[in-house]
Amino acid sequence: MYKDLSFSPKFVKVCLLCLASTSALLWSNDRKIIVDDVVNIIPLVEVSRGSPHTIRGDGGLAFGWYQIHQVMVDDYNRISGEAISHEDVFNPKVAKRVCRTVLNHYAKYIESQDIVLTHKHLFFVWNGGGSAWRLAETTAFTPKKRNLERYYSRALPHLLSLKSE
């Protein structure tokens, strides 16, 4: 009946990611802790250790350790009422403030939808835009969700090591 019960490495990885995501719910559902965790991990995922704060990625469109695009700066300016420039995010303190403000904004929105906030939601937002958190809630595996899952899988070891401290 069942010819081959072996599992592909890809299948095992997806199962482990699902288990880890579920475990993330157990760590904390405190918005401040989740936002802080994600803000501190993003530069570890976005750029190589030792990269200069003036690093550019995505064909020169993403700036600094947080790899912030202009659209994220626009989002930050809308949310905060400030008027920073894209170049301002080369400053690591400014970039961290942008990240924290934007993620906190979306975290509040996610919670207002009666959804328990997870780290995964915010990693999806950071890499996929303000509405990407919804893809963490769906089982449909679109190309965008595949990319976001790949991004999250790069963040997960940092999150796990943070939580084991």
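Me: What makes up the secondary structure, and how do you know?
Reply: There are 6 helices and 2 strands, in the order α-α-β-β-α-α-α-α along the sequence. Helices are DSSP runs of H or I with at least four residues, strands are E runs of at least two, and numbering starts at the N terminus. Residues are numbered from 1 along each chain. Since the model is predicted, local features need pLDDT of at least 70 and side-chain atom pairs count only at pLDDT 80 or more, while totals use all residues.

Me: Why are α2 and α5 called oblique to each other?
Reply: The axes of α2 (residues 31-46) and α5 (residues 119-128) cross at roughly 45° and come within 10 Å. Angles under 35 degrees count as roughly parallel, over 145 as roughly antiparallel, 65 to 115 as roughly perpendicular, and the rest as oblique. The pair is therefore oblique.

Me: Which residues of α2 and α5 make the contact?
Reply: With contact meaning heavy atoms within 4.5 Å, α2 brings Ile34, Val35, Asp37, Val38, Ile41, Ile42 and Glu46, and α5 brings His119, Leu122, Phe123, Trp126 and Asn127. They divide into 8 nonpolar, 2 polar and 2 charged.

Me: How many of the 165 residues are buried, as a percentage?
Reply: Buried residues come to 40%, where buried means under 20% relative accessible area with a 1.4 Å probe, protein chains only.

Me: What share of contacts with a separation of 6 or more joins residues 24 or more positions apart?
Reply: That share is 55%.

Methods. Heavy atoms only, no water. Axes fitted to C-alpha atoms, helices over the stretch in contact; angles between N-to-C directions. Nonpolar A, V, L, I, M, F, W, Y, C, P; charged D, E, K, R; others polar. Buried < 20%, exposed > 50% of the residue type's maximum accessible area, 1.4 Å probe, protein only.
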